Amino acid sequence: MESKTKIFIIGLPRTGTTSVCHAFLQLGFRCAHTAYIQKTFSDAQVIADTPIFNDYQQLDKLYPHAKFIYLERAFDKWLPSIRQLLQRMHKNLTREDGGFNPHIKRCYLNTFGDFSSHDLETDDYLQRCYDEHKDTAQRYFSNRPEDFLSIDIADKHSFAALCAFLQIGTTLTQFEKMNIGGKVTAWNAIKHPLKISSTANGKIDKQLYP
């Protein structure tokens, strides 16, 4: 695969994006976990999480030769993890006087809706968000198997499937599980020369795409 080919990880939060990004670093790819400035899109070959899970169709048009990796996760494992994350994020997602940066707000509210605390207690609500996101992505790439791969990193064959899809030769055999127990700080702790920053010293670009 050409070194200029972009790879976008379009699975929802809490589906293993950090583990996959860490694997790409080990495989020798410049990787960013989230992207809030144009320079990140320019510098990184692999980008995951926000805003990718929401903007992948726009990115497909901007990068016509890109590859897209969808991350699935068993609902009984994803549900408590995403519920905990959204409960922590709810106030800063929905407040009008600040909170998260506008790219985070836009992507989460578009994908999960203008949810209430009560919605987050409803399995059906979160299941619907997951199913709609997955079904939309699969329909969008339905006739493009050369551009789209869907994996569950809990599957022992998933790492080999990823490497085969991208035509990567490696002695590595599996993903390292990270962010266990609801923690979402593992990426921040990773020190690696190929790790690409998501911001410019904490600052974001108002416009991410041309």
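Me: How many disulfides does the count come to?
Reply: The count comes to zero disulfides, a disulfide being a pair of cysteine sulfur atoms within 2.5 Å. Cys-129 is in none, and its nearest cysteine sulfur, in Cys-107, is 14 Å away. This is a predicted model, where local features need pLDDT of at least 70 and side-chain atom pairs pLDDT 80 or more, while totals for chains, interfaces and linings use all residues. Residues are numbered from 1 along each chain as its sequence is written, and side-chain values use heavy atoms, leaving out hydrogens and water.

Me: Is Cys-163 buried or exposed?
Reply: Cys-163 is buried, with a relative accessible area of 6%. Buried means under 20% relative accessible area, exposed over 50% and partly exposed in between, using a 1.4 Å probe and protein chains only. Cys-129 is buried too, at 8%.

Me: New topic: which residues are buried in α5?
Reply: In helix α5 (residues 102-112), they include His-103, Cys-107 and Phe-112. Helices are DSSP runs of H or I, at least four residues long, numbered from the N terminus.

Me: What do they pack against?
Reply: The buried residues of α5 pack against α3 (52-62), α4 (75-94) and α7 (123-140).

Me: And what comes just after α5?
Reply: Gly-113, which takes a positive phi of about 80°.

Notes:
Helices (H or I, at least four residues) and strands (E, at least two) are DSSP runs, numbered from the N terminus. Contact means heavy atoms within 4.5 Å.
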